[in-house]
Amino acid sequence: MSAPEPQPTRLLRPEVLAGLSTLDLVARTVVEGFLIGLHRSPSFGFSQEFAEYRPYAEGDDLRYIDWNVYARSERTYIKRFIGETNSHLVLLLDASASMGYGTGAVNKFQYGQYLAACLCYMASKQHDAVGCIIFDEEVRDYRPPTTRSGNLYSILHTIDRASPARGTNLDKPFRHFASFTRHRGMVVVISDFYCDAEEMIASVRPLAFKGQDIILFHLLDPGELKLNFSEATLLEDLETGNAVEVSGQFIREGYTDRIGQHIDSIRKAAAGIGADHVLVSTAEPLDQALRNYLMFRQRRK
Amino acid sequence: MGLLAPLFLFGILAIALPVWLHRLQTQSPERQRFSSTMLLEQSRQQVHLKKKLRYLLLLALRIALLALLAITFAKPVWERETAVTIQPGSILHLVVVDTSFSMQYGDWFDRARDQSRQIIANMADGDLAQVITASNTIEVQGEPSAVRPDLAAMLDGLQAGSGHLDFGVMMSGINGVVRDYKQNIIIHLISDFQSSGLPSRFADLLPESRSNHLTELELYPVTGTEIRNLYIDTIIPTDHGLDVGVRGNHTEAVEITVALNINGELLQEQSAMLDAGSQATLSYTVVEYEQADNRVEAVINYADGLEADNTRYAVVDNTPPSPVLLLTNDVQALPVTYLTAAVEAGQQGYRVEPVNINEFDPRVLQRYPWIMIDDLGIISGGLVTSLTEYLQAGGAILAAAGERALAQPQLPLLDYTVRQAILSSAGAQPSAVTGIDASHPLLAETSGWRDVNVMRYLDLVLDADAHTMVSLDNGAPLLLERRFDQGRLILLTSSLDNRWNDIPIRPVFVNFIAEAAQYLSGRDQLKRNQIAGDFMQLLRSGTAAGQVVAPDGRTVLSLADTHRSQQIKIELTGFYEIYTSDSEQLIAVNADLRESDLSVMAAGDIGRWKEAVTGSAVTADAAGEIKIQHDPVQLWHILLILFGIVVLVESLLGNTYLGSGRGSV
């Protein structure tokens, strides 16, 4: 009896990605590999494929009228493509100090950078207008969404140069985002969400009311999902510096329940405003996150 | 409660180490960085508290350990109050007068004498007094007496000497005197209380307490406020002449002139400016010394309170090396090389003259106080008779066996039968030295014989006149001495090259040859520069007579003593002349340099010394009265036991913590 063949991994593991020199290279490597794998699946896909005709309406761009149809039927129709359904994608990447935590080859922030870069790359291929906000307690960096050539590299550079520091405050980035956005679009939040679920939702809700489609990538390190300490330990908060001594019993039993409850509360709060919540372990390849993104995008069409 | 060595308390600073280590231990290992403590529960706070307490307990034990160690070294004493029934009777006043060199300063000794007279005059009727002088040694001047004129006359005869006074040694001597008396004693110490006389342990300054009798100490400093003294501290021979060092405790810049005399003649005078408290070295060029011991005197031309140390004496030995005959059948042989190197490496000043046995004229034998023969087997015929006569006339020979001795059934000169020639082959276990007569003067100062390996030697049948000095593991003699009337022969039953044994390449060889040269020549190897108060060892061998002339021209030895070994106390500064039948040597004697440093003890130290001794006042009418006496009880042994207990507890506790798995103690 021969051993089962290992499943081919379409995406490289995070520790391998950590060895790649630039974020651009990481994004291309991941996304291209991911897309090759998608050929087998009819459910997903995107390109400038024909989608439908719809009657011309005042205000439509005359460039998109199908003049062949007009010649045959003397009616003006606008030819629509799948790609045209895209509008804006804004990434909000949490760069607080807690994101710097990691027990493996990459920490949460690096993983978040890879994910953000891949999403930017993928959206860019789709001709989406892509923007990003890097935040912690404040908005540290901001790139408005645009489809201009060179925008992708500008955003990748913005993501690349960020580093984790200080605390977390979701309110400010969302308010900032709400202040400049005038189009409906997609909002991707990449964070470990060490905040109160209600407060987070209170920050996100105004965006949801404006018709933004929101997906929350909840990044957690495996060491956060299950504590790796065998006995009572003094744990120091990366953001506040406060130390809390936890007992062995809490590590074994209490913590698992608490993190589970916290994730549930974030998920429920997200569901309450129609946002998607995707829990991502930083030990896993980026497959699931990208797949969730595409499903999310598919749904909103 | 007090401390005898309070400086050791600085050792308590070492407790900073465990405090620092514990701080590290309690902070670093358990502290882990975590993304957020938002979801954590501050649980079982008592765990950390308990751990902290455990650390604190361990830390306290470790601090106690170091503190106890420091306090133990500081020698704490507890003054125990004991009720002493004062026995009826008179009080004995021990008047201890410092007669060390420094008391020659100005009128200090006159003050000491006046103070002594006053003590004697003030003593109560019926009390006794005894005068003791203290310098290198303490000397009791007569029996205790109540007759004041006799005691005063005794004081008149005292003078400051040239010795050095150490108060610890002095108190030890006084304790010996006090122990013999069964009455209350007051020790009156009249001194300049030089700082250099303090012992390393304060406890050595305290007199022994006696049961039922009190011992009190009264201190009388005789120094004034202004002390000014310049002195010469060194005379060092250099390649070109002599360096003379001058120093002093002067408070203002002074100009001095230092004259250097060699053999009584002024060589040169040099001037120098000395800033306050500074020192200077003056270099003199000496073109030529006499080929003998040279008297060197350096004199400061400066008027200060202690003029005796303005002159320093030194001897420069420029005696040409004496010839030593080495009889051999090959002047290029290894034994000749080894012996020549060893003899000339010694400081006795010998020059080896190797002579081929075939070219030797026995008539010159009498020119040599001792000779060497590298292989006794080469002696034959008329030379045996000549050497025997040489020995009987008081000559001395250092001989060894060799290849030529192997071939003979009997050793020449000694007529010892060769029982067996032990010729171990290469690779065989060599014989080792097991028996050494360390009482023999030749071997008293040598060590390293037990490291010697002997492969070949002659096993001899000895007679009653032979004295085995070094023997091998099978009892066979390796080194022996045989006397011939006034002469002597030292024989090594193995050879003096490195084929029969490894003696010539061992460190013991040079030392042995140096000692043999001194022993066989009968010449004293004297230290040429000595300190007043030391003892000079004069060795005499055979019929050689000698005499010692002190710096003041007195002959030190009586006629009978001139033929015996002597240990002479050097009391005066200057040049001692040592005359023997074959040499004339000089010894330069100076006062101990510590006596020229006239820094005196602080008044606080003198006060503490007195306080440490003071019991209840002893009065003449104290007969039968119960007095409270403060006996100092040393606590170091109790602290040591405590220290042991703390070590034990600390070890057990530390081990427990280690075993608990929480680790890091």
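In what order do the strands of the open sheet of four strands in chain B stand? The order is β12-β11-β14-β15, as the legend of View 1 sets out. The model is predicted: local features need pLDDT of at least 70, side-chain atom pairs count only at pLDDT 80 or more, and totals for chains, interfaces and linings use all residues. Residues are numbered from 1 along each chain as its sequence is written, while chains are lettered from A and ligands numbered from 1 in the order in which they are written.

**View 1. Open sheet of four strands, β12-β11-β14-β15, in chain B.** The pairing is antiparallel; strands pair if DSSP finds at least two bridges between them. Strands (E, at least two residues) and helices (H or I, at least four) are DSSP runs, numbered from the N terminus. β12 (265-274) and β15 (311-317) of chain B are at the edges with a single partner strand each, so one side of each has no neighbour in the sheet. On average, neighbouring strands are turned by 20° against each other, direction ignored. Axes are lines fitted to C-alpha atoms, for helices over the stretch in contact, and angles run from 0 to 180 degrees between N-to-C directions. Strands β11 (residues 254-262) and β14 (residues 293-300) of chain B run antiparallel and are joined by five bridges. Opposite N261(B) stands E297(B) in β14(B).

**View 2. Open sheet of three strands, β9-β10-β13, in chain B.** Here too the pairing is antiparallel. β9 (230-237) and β13 (280-285) of chain B are the edge strands, each pairing on one side only. Six bridges link β10 (residues 241-248) of chain B to β13(B) in the antiparallel sense. D243(B) has S283(B) in β13(B) as its bridge partner.

**View 3. Helices α3 (residues 108-122) and α4 (residues 148-156) of chain B.** Their axes come within 10 Å and cross at roughly 170°. This makes α3(B) roughly antiparallel to α4(B), the term for angles over 145 degrees. R113(B), S116(B), R117(B), I120(B) and A121(B) of α3(B) make the contact with R148(B), L151(B), A152(B) and L155(B) of α4(B); residues are in contact if their C-beta atoms, placed from the backbone, lie within 7 Å. By class, the contact has five nonpolar, one polar and three charged residues. Ala, Val, Leu, Ile, Met, Phe, Trp, Tyr, Cys and Pro count as nonpolar, Asp, Glu, Lys and Arg as charged, and the others, Gly among them, as polar.

**View 4. Contact between chains A and B.** Chain B gives 18 residues and chain A gives 26 residues. On the side of chain B that touches chain A, β2 (31-34) and α2 (45-73) are the elements that give two or more residues. The largest share, four residues, is from β2(B). This side of chain B has five nonpolar, eight polar and five charged residues. Strand β8 (residues 233-237) of chain A pairs with β2(B) in the parallel sense over four bridges. Q32(B) is the bridge partner of L235(A).

**View 5. Helix α5 (residues 151-161) of chain A and its buried residues.** The buried residues are I155(A), L156(A), T158(A) and I159(A), where buried stands for 20 or more other C-beta atoms within 10 Å of the residue's own. They lie on the same side of α5(A), because they cover an arc of only 155° around the axis. The arc is that of the directions from the helix axis to the C-beta atoms.

Key. Buried ≥ 20, exposed ≤ 12 C-beta atoms within 10 Å, placed from the backbone. Contact = placed C-beta atoms within 7 Å. Parallel < 35°, antiparallel > 145°, perpendicular 65-115°, else oblique.
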